Amino acid sequence: MLNPHLVEIVARNFGLEPAQITPATNADTVPQWDSVGHLKLILDIEESFAVRFSSAEVGELTSVGGIQIALQRRAEG
Amino acid sequence: MKLAGSQMHSSVPLRMALLSSCTVQLFPELLKQELGAAGFDAEFWVAGFDQVRQQLLDPGSELFANRPDAVLLYLDGEDLFRDCLANPFAFDDAAKLNIVAARAAELRQLVSAARRHLPETAFLLNTIALPPLTPLTGLEYNSEYSLYDISYEYNRALSALARETHAVIVVDAAAVMAWVGYRQWHDSRLWYLARSRWSRAAMRELAVRYTAAFAAWCGPARKCIVLDLDHMLWGGIVGEDGAESLQLGEEGVGLAFVEFQQELLNLSRKGILLTICSKNNPDDALAVIRSHPSMRLREENFASIRINWADKATNLRSIAEELDLGLDSLVFIDDNPAERALVSQALPQVLVPAWPSDPAEYKFALLGLAMQAFPKLRLAEEDRSRAAMYRTQAARRTLEAQTCTLEDYYGALQMVARIGRADAFTVPRIAQLTQKTNQFNLTARRYTEAEIAALAVSSEALVLWLELADRFGPNGLVGVLIFRKESMALWRIDTFLLSCRVIGRTVERAFLSHACALLRSLGIARLVGEYRPTPRNGVAASQYASLGFSAVPQPVGRGDTTCWELDLTRQSVPAPEWIEIVPVAETVHA
């Protein structure tokens, strides 16, 4: 199940309904998820979850499912 | 700091264009929020990457078509001087300064070209700072290799541009970088992935500064600070702990209150009015303000004082009325959250900032608040004298209604003049008055503290001060007379000055009258005064004549100076009956 807090941040950033968001939601399917939108999203997530992604991760985390997995890895690690 | 409780009547629409040497696409969102809190409804147009020259130089550019109210032109030091930073060993001083001069000249050119198309637009430029860790670290300052002078010279050129062009505003981004810290300011991931020179933390703080700068350009919003007393200007509660037990002075946290007061005093010099609203016994609180040795703020620094047990909202209304200000000019500072809540609820127009509970935080809380609530780009003469102006205005208004003749007015003022010889306590103020008094200053001789201290103990000189109080409270030390011995029988008035606060109240008459009696008692027979005209002291031109001195022939080669003499054996200066004179015995000598 997706983290509701993450869903809320994604929804707010791209003007989506939380119900529309699935792990497969990604930069290719959401028009507002462009390069600037992506950085804003990543910075919002970093602030909310108090994490910091590497530059490689920032480049790769372009789907909600991928972000969730990265956050889980942080929580476990 | 967030300005809680700030409520603007309406939002002013604002079109802002962003141009930059780096990516700034993440910035508008944060800047819009900050501008919104300050009452601007901002819309942004952001130039494409590295489009600065094209947009500012092409008469048909999208920028000019947009007709922005403000152009935010951010040029980062690391972009401007990328060549120097990339290979700092390749540039000698001359080459480096040439590059700086060329970049500064180009900026000047760009702005002046753009201003032809946008004559009403404000141009927000920025100072630069280079990274604090470079290959030259260590060599810098110790050898001929350096980078620091790049930002220094560039920023100086910016300042020159701003001072000659009203529409140019410099935002001190270098100070923001220092405040945030470079490691927080710079997010290397954002640099490599998006060519952004700023972290989000940097953008937040920059948004605050840009907003303050633009608000200042639009005109001052707030004018007056309303202060609580206990646990605000001093630690402890005067009514319970007593004046001697307050935390205020050089010891421990007492210094926090001293420094806080010092910054308040500095704000008043920027033209911001200080007022008091405190629940206290007026006698207890006023005694501290008047005589606690560590107080930096005295009664004269406050434009209005309300010390009583009435509720604060009522007092704030009456302060605003007395000073003829709208409630939206007031900023209410109180350590008590309950009072803050009450005021922000009862008077939503008043700005009620959140306030730290730890006095150690007061100073920077105040400076941050001042930057946002009282932004200023340029200082007018009027700013500097505003507090005094309001105070006398308020007093005059009351008296006007009650008095009809000038004598009645003087009498109604209930003036008391304390006169004494200079001592360790008064030397600094005396020196300061000689430095800054321009109008009622018959000779305009300027002295340092050391010089005054020396005169004070010399047997060849007599240094007198005068403190004036009236029914509105003390005016502080406002008069100085310095006499110098010419011979046993003849003394000369070296300096005769009064602060502009008390001109036109016959104080000079009372002062000289007392001084003459003193000189006579020392066996001095003749007194010579001089008037040395300056562009500002015309008000005192006929002073000696009106005090009964007779003109004496001019010594050759003394310019416009006029000399006047009084025969102390036969003449005296009559003291005005409406001023009570209290001679003060000497205390500690300087």
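1. Two strands are taken to pair if DSSP finds at least two bridges between them; helices (H or I, at least four residues) and strands (E, at least two) are DSSP runs numbered from the N terminus. On that basis, strand S11 (residues 461-470) and strand S12 (residues 473-485) of chain B pair in the antiparallel sense over ten bridges. Within this pairing, Ala469(B) stands opposite Pro474(B) of S12(B).

2. The model is predicted: local features need pLDDT of at least 70 and side-chain atom pairs count only at pLDDT 80 or more, while totals for chains, interfaces and linings use all residues. Residues are numbered from 1 along each chain as its sequence is written, and chains are lettered from A and ligands numbered from 1 in the order in which they are written.

3. S11(B) and S12(B) belong to an open sheet of eight strands with mixed pairing, in the order S15-S16-S14-S13-S12-S11-S10-S17 (chain B). Its edge strands, each pairing on one side only, are S15 (550-552) and S17 (579-583) of chain B. From one strand to the next the twist averages 30°, where axes are lines fitted to C-alpha atoms, for helices over the stretch in contact, and angles run from 0 to 180 degrees between N-to-C directions.

4. Strand S14 (residues 526-531) of chain B pairs in the parallel sense with strand S13 (residues 490-498) of chain B, over four bridges. Val528(B) in S14(B) is the bridge partner of Arg492(B). S14(B) also pairs with strand S16 (residues 562-567) of chain B, in the antiparallel sense and over six bridges; here Glu530(B) stands opposite Cys563(B).

5. Helix H15 (residues 312-322) of chain B has as its buried residues Lys312(B), Asn315(B), Leu316(B), Ile319(B) and Ala320(B) (buried: 20 or more other C-beta atoms within 10 Å of the residue's own, with C-beta atoms placed from the backbone). Seen down the axis of H15(B), these residues fall within an arc of 135°, so they line one face of the helix; the arc is that of the directions from the helix axis to the C-beta atoms. They pack against S6 (224-227), S7 (273-279), S8 (304-308), S9 (330-333) and helix H16 (337-346) of chain B. After H15(B) comes Asp324(B), with a positive phi near 60°.

6. The contact between the chains takes eight residues from chain B and seven residues from chain A, contact meaning C-beta atoms, placed from the backbone, within 7 Å. On the chain B side, helix H10 (residues 188-194) gives the most, with five residues.

Technical notes
Buried ≥ 20, exposed ≤ 12 C-beta atoms within 10 Å, placed from the backbone. Contact = placed C-beta atoms within 7 Å.
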